[in-house]
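I opened this one to see how the ligands sit and what holds them. These are my notes, in the order I looked things up.

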Amino acid sequence: MRNHNRYSAISIINHWLTALLVVVMLALGFAAGAAPSEEVEIYIIGVHISLGFFVLIFVAWRILFRLYEGFPDNIGKTALERRTAYWVHRAILVLLALQIVTGPLYLFTENECMGVFGWFSVCIPLESLSFIHEPMEWLHLNVGIYLLPALLVLHFLGTIRHYATTEKQQAPSDL
Ligand code: HEM
Ligand code: HEM
């Protein structure tokens with residue numbers, strides 16, 4: 001792991017593209033949960049899964065790149081702020097990794113494929129692991145509905161605090 005004080009250009013692109021994709025994935029997940037009929041819910045989850053294929057590839061690349069590049073030192077006036085940022089950033093990436101693993105596993109363990117906008121589908125028959133089907137669903141739903149949104153709210157509040165209290169030219173790391 002390399003150590004450095006600023007986010008690289010690739011990191012900045014990765015951060016904002018992930019933010020966009022994940023917010024859309026959450027919106028689709030919530031829209032499916034609130035769908036007025038089963039047909040609408042199935043349709044929205046279909047879009048969630050299709051986009052999920054690309055989110056899976058991108059998030060995996062982004063996490064591997066972060067592991068390769070390392071995290072810059074966190075900014076914050078107090079040790080508590082820096083410590084919170086340290087753990088929140090790592091926790092967000094761990095939860096994203098969980099989502100891109102549990103989503104497909106939930107499908108594959110009941111012998112369903114990941115259809116991608118009707119263009120192609122990815123099928124890995126894992127019915128032999130059907131005992132993990134429900135735990136995967138439980139994890140995916142609880143991380144997606146409660147844990148990840150809660151951490152993102154915390155992250156958002158932290159960044160507002162960061163932008164509001166840091167002089168631009170003094171910031172050792174920024175996005
Ligand atoms: C308006 C929305 C957002 C703003 C203003 C924002 C801003 C920032 C800033 C300033 C940092 C660097 C802080 C530091 O190193 O101490 C950061 C890091 C990070 N943010 Fe965000 N962020 C936003 C949304 C998101 C979203 C939606 C996600 C996840 C889906 C996310 C995931 C991360 C992660 C994982 C890091 C750690 C460094 C990295 O690997 O990129 N952020 N963000
Ligand atoms: C960052 C990535 C992801 C996020 C944030 C996310 C979030 C969510 C959320 C919030 C729901 C809840 C829907 C509800 O309210 O009932 C959900 C459901 C679901 N997601 Fe994801 N998801 C992600 C990635 C994926 C991927 C890659 C797949 C690939 C197959 C996937 C497949 C599913 C499926 C099949 C459901 C429905 C589960 C059920 O019917 O019980 N998700 N997701």
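This is a predicted model: local features need pLDDT of at least 70, side-chain atom pairs count only at pLDDT 80 or more; totals for chains, interfaces and linings use all residues.

**Entry 1: what I am looking at**

Residues 12–36 come out as 88% helix and 0% strand, and their end C-alpha atoms lie 38 Å apart. Residues 42–65 are 100% helix and 0% strand, with 34 Å between the end C-alpha atoms.

**Entry 2: ligand 1, the shell**

I found 21 residues around it, and Y7, H15, R62, R66 and H155 come nearest. By type, the shell splits into eleven nonpolar, seven polar and three charged residues.

Then I went through polar contacts to the oxygen atoms of this ligand. A polar side-chain atom of Y7 is 2.7 Å from an oxygen atom of ligand 1. For R62, I read 2.9 Å between a side-chain N or O atom and an oxygen atom of the ligand. N74 also has a polar side-chain atom at 3.3 Å from an oxygen atom of ligand 1. The elements giving two or more residues to this shell are α1 (9–33), α2 (38–69), α3 (79–108) and α4 (133–165). Which of them gives the most? That is α4, with six residues.

**Entry 3: ligand 1, the iron**

Which protein atoms are the donors of the iron atom of ligand 1? I get H15 (NE2) and H155 (NE2), lying 2.0 Å from the iron. The six donor atoms subtend angles of 89 to 179° at this iron, so the arrangement is octahedral. The pair ties together distant parts of the chain: H15 is in helix α1 and H155 in helix α4, 140 residues apart.

Is H15 buried or exposed? I read 16% relative accessibility, and H15 counts as buried because that is under the 20% cut-off.

**Entry 4: ligand 2, the shell**

I repeated the exercise for ligand 2. There are 21 residues surrounding it, and the closest are G29, G33, H48, E137 and H140.

For contacts, I noted G29, where a polar backbone atom is 3.2 Å from an oxygen atom of ligand 2. E137 has a side-chain N or O atom 2.3 Å from an oxygen atom of ligand 2. I also logged H48, with a polar side-chain atom 2.8 Å from a nitrogen atom of ligand 2.

**Entry 5: ligand 2, the iron**

How many donor atoms does the iron atom of ligand 2 have, and in what arrangement? I count six donor atoms with angles of 88 to 180° among them, and the site is octahedral. The protein donors are H48 (NE2) and H140 (NE2), lying 2.0 Å from the iron. Here too the pair links distant parts of the chain, with H48 in helix α2 and H140 in helix α4, 92 residues apart.

H48 is buried, because its relative accessible area is 14%.

**Entry 6: a residue in α2**

I44 lies in helix α2. I get 15% relative accessibility for I44, so this residue counts as buried. I also took a C-alpha to C-alpha distance from I44 to G144: 15 Å in space, although the two are 100 residues apart in sequence.

**Entry 7: positive phi**

Last, I searched for positive phi in residues other than glycine. N111 turned up with phi near 60°. N111 sits in the loop between α3 and β1 (114–116). N111 counts as partly exposed because its relative accessibility is 41%.

F117 turned up too, with phi near 50°. Where is F117 found? F117 is in the loop between β1 and β2 (120–122). With a relative accessible area of 39%, F117 is partly exposed.

Technical notes
Residues are numbered from 1 along each chain as its sequence is written. Chains are lettered from A and ligands numbered from 1 in the order in which they are written. Side-chain values use heavy atoms; hydrogens and water are left out. A residue is near a molecule or strand if one of its heavy atoms lies within 4 Å of it. A polar contact is a pair of N or O atoms within 3.5 Å; within protein, one must be able to donate a hydrogen and the other to accept it, and residues adjacent in sequence count only if both atoms are side-chain atoms. Helices (H or I, at least four residues) and strands (E, at least two) are DSSP runs, numbered from the N terminus. Ala, Val, Leu, Ile, Met, Phe, Trp, Tyr, Cys and Pro count as nonpolar, Asp, Glu, Lys and Arg as charged, and the others, Gly among them, as polar. Donors are N, O and S atoms within 2.8 Å of the metal (3.2 Å for Na, K and Ca); water is not among the atoms, so sites may look incomplete. Four donors count as tetrahedral if all angles lie between 85 and 135 degrees; four count as square planar and six as octahedral if opposite donors are over 155 degrees apart and all others between 65 and 115; anything else is irregular. Buried means under 20% relative accessible area, exposed over 50%, partly exposed in between (1.4 Å probe, protein chains only).
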